Amino acid sequence: MHFKLIIVFRLLKILKSTYFDWLNYTESRPQREDTILRALLREIWQNNYKAYWAPRLRVELANLNLHYVTNRIRYLMQAAGIYSVMSHRFNKPMTTVDYHQRPNLIKDLPEANIWSMDVTYLKASNGQ
């Protein structure tokens, strides 16, 4: 081993074995798998308008025959900086009516020629 390198190790109070461990380092199988899975999650997330979160990504991975728990996917998403741009689903406002509704008179007529339509806008003849 080079003499200057040994002096540097002594000055920094680093064991030689630490250097050689770093020099001969190889990723473990779970680390390699996580790296590949992170790239796959990012690709699926980007292809779906960045709207998917962990449960939906788990379903997409299951469609590719890759089965992982949601918490692992959530952890990998957090590590990769992946997040959904949707904060929550939009709920349509509900209307409440304080009076009794009129009965549906045509619902029980079996074979009648009944026309129904929705009148949301009628233009009056005076232009209003």
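The scale calls a residue buried under 20%, exposed over 50% and partly exposed in between (1.4 Å probe, protein chains only).

The model is predicted: local features need pLDDT of at least 70, side-chain atom pairs need 80 or more, and totals for chains, interfaces and linings use all residues. Numbering runs from 1 along each chain as its sequence is written, and side-chain values use heavy atoms, without hydrogens and water.

Next, the rings. I noted 4 aromatic pairs in the structure. Rings of Phe, Tyr and Trp (its six-membered ring) pair with centres within 6.5 Å; planes under 30 degrees apart are stacked, over 60 edge-to-face, the rest tilted. Tyrosine 19 and phenylalanine 20 pair edge-to-face, with centres 5.3 Å apart and planes at 70°. Phenylalanine 20 is partly exposed, at 36%.

Why is the pair of tyrosine 19 and tryptophan 22 tilted? Their planes stand at 35°, with the centres 6.1 Å apart, so I logged the pair as tilted. The two lie 3 residues apart in helix α2 (residues 16-23), about one helical turn. Helices here are DSSP runs (H or I, at least four residues), numbered from the N terminus. Tryptophan 22 is exposed, at 63%. Phe9, Tyr19, Phe20 and Trp22 make up one aromatic cluster.

Then I turned to the core. The largest nonpolar core has 14 residues. Such a core joins buried Ala, Val, Leu, Ile, Met, Phe, Trp, Tyr and Cys residues through side-chain atoms within 4.5 Å. Helices α3 (29-47), α4 (54-63) and α5 (70-80) each give two or more residues to this core.
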